[in-house]
Amino acid sequence: MRRGGRILASILRQLTECIRADVTTTLDLDEVARELCSFYAVKPAFLDYHGYPGAVCTSINEQVVHGIPDNTVLCTGDILSLDFGVELEGLFTDSAISVAVGEVSEEKQKLMDITRQSLMIGIEQVKPGHRLGDIGSAIQKHCEQNGFAVVRDLVGHGVGQKLHEDPAVPNYGKSGQGLLLREGMTLAIEPMVNTGTWRVRTLSDRWTIVTEDSLPSAHYEHTVAVTAEGADILTLEE
């Protein structure tokens, strides 16, 4: 999983380097993702997963997750969420980042910053003897204190032998509650955070999930392992 996670992180970085405001389409990025998977000899985990047609989920602005790559051009001021997973030798890793396309508004930049910070704050709670509620509570508290809302209908998950495994890992909750964390668990922690309401809806394509009020959303994710020393982030290049 660590080897797969490093490859995944490298692919995400290279995808962000391909973005050219007002030129690049989300389909361009999907094609690059497929090429990089071939280069690194990994399988794109999302492709054909329950019928999903892309290798990478590309979600723009009010799109929270599961946006389908198409001919939409990325415009200056957009937030783009790239959610991606790979399979290497039968083991899965999963990660996501949000990217500013050109210069974005202060509000959008703050949304991305707070969401990324909340992920790391949640990861700090990953250690044997802590509970899932400790992770969700830390994420929720940081986001809400900064004026943003955590999506409730979508959560993180276990990951490893399958792309999605038990347990569900909510980005909200109460500390001291939920499943006890044990050494050896591997979790995908992924706060999805909205500017306005936490409520979401699904578009007619049956995949793309958007904010109910059409305000921007951001998304960050890491695959982590629970170790005796705490969280070991597996989806980093180094």
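User: Before anything else, what counts as a helix or a strand here?

Analyst: Helices (H or I, at least four residues) and strands (E, at least two) are runs assigned by DSSP, and they are numbered from the N terminus. This is a predicted model, in which local features need pLDDT of at least 70 and side-chain atom pairs count only at pLDDT 80 or more, while totals for chains, interfaces and linings use all residues. Residues are numbered from 1 along each chain as its sequence is written, and side-chain values use heavy atoms, with hydrogens and water left out.

User: OK, where is S217?

Analyst: S217 lies in strand β13, which covers residues 217-219.

User: Is S217 buried or exposed, and why?

Analyst: S217 counts as buried because its relative accessibility is 3%, where buried means under 20% relative accessible area, exposed over 50% and partly exposed in between, using a 1.4 Å probe and protein chains only.

User: And which residues does S217 touch?

Analyst: Leaving aside residues up to four places away in sequence, S217 touches several residues, including N61, E62, L111 and N194, where contact means heavy atoms within 4.5 Å.

User: Switching topic, how long is helix α1?

Analyst: Helix α1 runs over residues 2-18, has 17 residues and reaches 25 Å from its first C-alpha to its last, close to the 24 Å expected at 1.5 Å a residue, the expected span being 1.5 Å times one less than the number of residues.

User: Which of its residues are buried, and what do they pack against?

Analyst: Among the buried residues of α1 are G4, I7, I11 and L15, and the buried residues of this helix pack against α2 (26-40), β4 (79-88) and β5 (91-100).
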